[in-house]
Structure formats: C-alpha cells, structure tokens
Amino acid sequence: MAENNGNTYSLWHEFKKGLWQDIPPFRLVLGTCPTLAVTNSVKNGIAMGLATLFVLLGSNIIISAVRKYVAPQVRIAAYVVIIALLVTVADMFLAAKFPPISKALGPYVPLIVVNCIILGRAEAFAQKNPIIPSIMDALGIGLGFTMSLATMGSIRELLGFGSILQFKVLGSWFEPWIVMILPAGAFLVFGSLIALVNYISSRKAEGA
Amino acid sequence: MKLIMIFISASLINNFVLTYFLGICPFVGVSNKTENALNMGLATTFVMTLTAAATWPIYTYILVKFNVPFLEYVAFIIAIAALVQLVEMYIRKSSPALYRALGIYLPLITTNCAVLGLALFMVLRDYNYIESIIFGFATGVGFTLAILMMSGIREELEFADIPKPFQGISITLIIASMMALAFMGFAGLIRG
C-alpha cells in the first residue's frame, strides 16, 4: 500500500499495528501479569482488557498533550503519577458500577499502574507524537490486548469449565480440565499461544 | 507461630511468581543466567523488605488517618520509586562492588509489579507491622527461589533441540507452568 501515503493511511496504520503486528502480549511481551492472572474466564479477560484500554487511552492523550512541558529527567515519575491517577478512576468506576467484576479482578486492577504496556507506549509513542496518532495507537494496542485476553480466557474457560461466558457449550460428557483454571494452565496456554503466533508469522514470512 | 505461617505461605505456597503471576517480566527477562538471576533475586528481596517497612506506616499513619485511602496507588508507587532511588544512591556510595553487581537491575525493580502487589496485598490482608515486614521478606525469598530455579533449567535447555516457534519466551512459560504444578505440592504444608 505504498501509494497510500496520506494522513488517513498513517493513522489507520497506527491503529492496525496493535491488532497483529505488535499485538500485546504475544508480540510485544508486555503486560504479562494480568494476561496470566485474570484470564480464567472470558468475562474477566474482557473487563481487564477494557480497563487497560481506558487507562492507556487516557495516559496517551494526557502524556502526548503535556509532552513539551515535562523535563526529560523527571518524565518517568510524572508519567507514573498520571497513570496512577487514571487507574484510581478506573478502579473506583468498576467498584461502583460493576461490583462483582471489581471483586473478581481484585488487586489486579490497581496493578494496571505497573502494567508495562502503558508506560511502554508512553515512552515509545505518546511522548514523541501528537494527540491524534497517540489516540489511534492507544485504541489499537488496547483492543489488541483485549482480544488477546479474551482469547486466553475463552480457551481456559472452555477447557476448564466446558463453558464460554458461563454458557455450557460442551455437554455433560465433558470432563473439565481443572488444570486450565489453575496457575499452571495460564502459563501453559500463554506459552502455547506465543508459539502459535511465532509459527503463523514465520509461515507468513516464508510465503511472502 | 503466625509469623512462620506467613513466611512459608508467602515464599512457597502462594509464591508471587507462580500463583499470583506478579513479577513475570524479570522472571522471563533475567532468568537466562544463574548469576544474573541470583543478583536480581537478592536486589528484589532487599527492596521488597524495605517496601513493606515503608509503605505500612504510610498507609496506616497518613492515608487512613487523613481518610484518603483511595490515594493508596499513587502514594505507594511514589514511595517505591523514591525508595529504589535512595537504595541505589546509598549502595553506590557505600559499596561500589555491590553496585556494579546489581547494575541495571535496581532501577528495573520500580516497575516490577510484584513490589506494588506486595504493598497492596499487605493492606488487603490487614497485616500488622512485624507481619508486613516478614511478608515482604518472604515474598522476596520466594521470588529469588523461583527465578533461580528457572535460570538453572534454562541453562540446561541451551543444549536442547527445541522446535523453532517454541524457542525463547514460549518454552520459558511452559516450564513455568510445570513449576507451578510442582509448587502446588506445597499446599499441603498449611491447612486453610
């Protein structure tokens, strides 16, 4: 698509790269803690993904807006404070509107503060780019992250409970694989998915 | 007795890396050599103990007293960042040899989610001051144990013939999965 060098194309590109080329956490191995911890069901995975998307969007907008006024020596500290405030907002919102989800996610909502995806995008993108591309970047990476969490969640929920979104999909003949709900299952599914993504992209590279 | 329980529970049974998935980034990133893994583990243990010792008074005497516990995330992350900075400056002055050994690992600890997780769990579980310090230390020991074991296994794996897509992070996570299964065996140590 080399002829499409216009503005719309580059914005679209910033959005699209988060969905496959740089999809977290499989390609950019960042934000692994929530990926492993909250994906024992699809619902929790999606909720976590959306909370992260909100914080990432907010932090990218604010950091991109203030990028010319923050001295480089103190930038990390300043970014962390901005992110921590946004996370507080997200946490209080979840606790007020969706108490069961907030309870299920537990301390992993506040831990979005140290989710390296957010600080990583601030460092790598928002502090060097204007607001609009930063928004697209946040939306792309955030949606990619939500999709990844939902994928992890559906595999683990399907094999661990025989259900998806609490709907029984597999009949009563299905013996649940308890290990999938346990921490060991999280590591196993995550490791295998990374291998799968590697395999698909190496196949693509060969085909091209 | 309760202190021993906290120690065993935090270091083995509820190992932060293998059951709460906290501190995975250094666990995957710095576990390729045993020596690095050991240094990282020791530095983290040190910072975790200090974090527990510092954030407990901040939470109890400042945030609760002035009725602003909702500021805990902001307060904790600033406290941890400041603490890591102080420790780094102190070590650089007092023991240059240790400073060189720890190198880049010290600043990285600020973004180790296990350290913030520690402060949050401490508040969530209502530990008193002594219990918090033990909890912080035990969590560090558990982290060191996990990262050291992983680095030992990975050094052996250098010579193994791993299928290409599985190389690197993928195989590390699959090993971690087996370690998590093995650590579940410790659950019998404490009832309830």
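## The largest cavity

The largest cavity in this predicted model has a volume of about 60 Å³. A cavity is a set of points, on a 1 Å grid over the protein atoms alone, where a 1.4 Å probe fits but cannot get out; its volume is the space filled by probe spheres set on the points, which are joined across faces, edges and corners. A search of the whole structure finds 1 cavity of 30 Å³ or more.

The lining, whose residues have an atom within 4 Å of a point, includes A:G31, A:C33, A:P34, A:M48, A:Y108 and, from the other chain, B:C113. It divides into 9 nonpolar residues, 2 polar and no charged. Here Ala, Val, Leu, Ile, Met, Phe, Trp, Tyr, Cys and Pro count as nonpolar, Asp, Glu, Lys and Arg as charged, and the others, Gly among them, as polar.

## The interface of chains A and B

Contact, meaning heavy atoms within 4.5 Å, joins 33 residues of chain B to 35 residues of chain A. The area buried between the chains is about 2900 Å², and carbon and sulfur atoms give 84% of that area. Buried area is the accessible area (1.4 Å probe) that two parts lose on being put together, summed over both. B:F21, B:Y73 and B:L173 supply 24% of the area that chain B buries against chain A, more than any other three residues.

Several helices of chain B, including α5 (72–94) and α10 (169–184), each supply at least two residues of the side that touches chain A. Helices are DSSP runs (H or I, at least four residues), numbered from the N terminus. The largest share of this side, 9 residues, comes from α10(B). The residues of this side of chain B divide into 26 nonpolar, 7 polar and no charged.

## Salt bridges

A salt bridge is a side-chain nitrogen of Lys or Arg within 4 Å of a carboxyl oxygen of Asp or Glu. In one salt bridge, the side chains of A:E123 and A:R75 meet at 2.8 Å, N to O. A:E123 lies in helix α6 (residues 116–126) of chain A and A:R75 in helix α4 (residues 75–97) of chain A, so the pair ties together parts that are 48 residues apart in sequence.

## Conventions

Residues are numbered from 1 along each chain as its sequence is written, and chains are lettered from A and ligands numbered from 1 in the order in which they are written. Local features need pLDDT of at least 70, side-chain atom pairs count only at pLDDT 80 or more, and totals for chains, interfaces and linings use all residues, while side-chain values use heavy atoms, with hydrogens and water left out.

Notes
1 Å grid on protein atoms, 1.4 Å probe; cavity = no way out; pocket = protein on both sides within 12 Å on 5 of 7 lines; lining within 4 Å.
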